[in-house]
Amino acid sequence: MAPSILIVDDDPMSRDIIRVICERLGYAVDVAEDGFAGLTRLRDGRYRAALVDYHLPEMDGYALARLMHDLDGDLRLIGVTADRHGLSARCVSNALFEAIVAKPVSPEALAGVLAAVVPTRKETSPGARLRKPDTQRAREMAELLWRKHGLGVATDYLSAIGMDAI
């Protein structure tokens, strides 16, 4: 059975990108759009790890991580943020988070962190289990997602974060 991961991120696009990467790596994934929904999911389910966005509405990722840790001391926490220095500046964040992943999320970086923090099985390299789908189909799906959110063409963004390599 695949290890379960909870993703807590208020940005639908980031949440979807992280979810797809995690699923391709073989993890079972649930998502929550804010800290309160994340706590509800954690209370109702069993997760090996949670990827927590630092800038969440109403409750920041650090406060959420403290509460999650109190609810489940075995839960492995990974911070996800565009403000890496802001999260790192909190002197006790290293005690809560196993790792911090910078946004925009690189598939290879996330694969490496997950392999170290929540391995699904022994692998030869951190990104070894990333599968290469049909690139054209992946781009079309990403562009549909971007258009759905009124953002236009995603091709440049996908290249910038390395998704065009998947």
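Which residues are buried in helix α2 (residues 35-44)?

Modeller: This is a predicted model, so local features need pLDDT of at least 70 and side-chain atom pairs count only at pLDDT 80 or more, while totals for chains, interfaces and linings use all residues. Residues are numbered from 1 along each chain as its sequence is written, and side-chain values use heavy atoms, with hydrogens and water left out.

In α2, the buried residues are Gly 35, Ala 37, Gly 38, Leu 39 and Leu 42. Buried means under 20% relative accessible area; exposed is over 50%, and partly exposed lies in between (1.4 Å probe, protein chains only). Helices (H or I, at least four residues) and strands (E, at least two) are DSSP runs, numbered from the N terminus. The cover over the buried residues of α2 includes β1, β2 and α3. That cover is counted by contact, meaning heavy atoms within 4.5 Å. At the start of α2, Asp 34 brings a side-chain oxygen to within 3.0 Å of the backbone nitrogen of Phe 36. A polar contact here is a pair of N or O atoms within 3.5 Å; within protein, one must be able to donate a hydrogen and the other to accept it, and residues adjacent in sequence count only if both atoms are side-chain atoms.

Now α3, one of the elements that cover α2. Helix α3 (residues 61-71) buries Gly 61, Tyr 62, Leu 64, Ala 65 and Met 68. Seen down the helix axis, these buried residues fall within an arc of 155°, so they line one face of α3. The arc is that of the directions from the helix axis to the C-beta atoms. Asp 60 caps the N-terminal end of α3, with a side-chain oxygen 3.1 Å from the backbone nitrogen of Tyr 62.

β1 and β2 also cover α2, and both belong to the sheet. Five strands make up this open sheet, ordered β2-β1-β3-β4-β5, with parallel pairing. Its edge strands are β2 (28-32) and β5, each pairing on one side only. On average, neighbouring strands are turned by 20° against each other, direction ignored. Helix α1 packs on the sheet and touches β1, β2, β3 and β4; its direction makes about 165° with that of β2. Axes are lines fitted to C-alpha atoms, for helices over the stretch in contact, and angles run from 0 to 180 degrees between N-to-C directions. Two strands pair if DSSP finds at least two bridges between them. Four bridges join β1 to β3, and five join β3 to β4. Ile 7 stands opposite Leu 51 in β3. Ala 49 faces Arg 76 in β4, where Val 80 is the bridge partner of Asp 53.

Strand β3 is largely enclosed by the rest of the structure, because five of its five residues are buried. Ala 49, Leu 51 and Asp 53 lie on one side, and Ala 50 and Val 52 on the other. In a regular strand the side chains alternate between the two faces of the sheet.

What do these strands and helices pack into? The largest nonpolar core holds 23 residues, and those with the most contacts inside it are Ile 5, Ile 18, Cys 22, Tyr 27, Leu 51, Leu 110 and Leu 114. Elements giving two or more residues to this core are β1 (4-8), α1 (12-24), β3 (49-53), β4 (76-81), β5 (97-102) and α6 (107-117). A second, separate core of 20 residues includes Leu 6, Leu 39, Val 52 and Met 68. A nonpolar core is a set of buried Ala, Val, Leu, Ile, Met, Phe, Trp, Tyr and Cys residues joined through side-chain atoms within 4.5 Å. Leu 39 is one of the buried residues of α2, and Met 68 is one of those of α3.

Asp 53 lies in β3 and is buried at a relative accessible area of 4%. Its side chain joins that of Lys 103 by a polar contact of 3.3 Å. Asp 53 also touches Gly 61, a buried residue of α3. Asp 9 sits in the loop between β1 and α1. Asp 9 is buried at 1% relative accessibility. The Asp 9 side chain reaches the backbone nitrogen of Asp 11 at 2.9 Å. Among the residues Asp 9 touches are Ala 32, Glu 33, Asp 53 and Lys 103.

For the whole protein, the secondary structure comes to eight helices and five strands. Of its 166 residues, 45% count as buried.

How values were computed:
Lists of a residue's contacts leave out its neighbours within four places in sequence.
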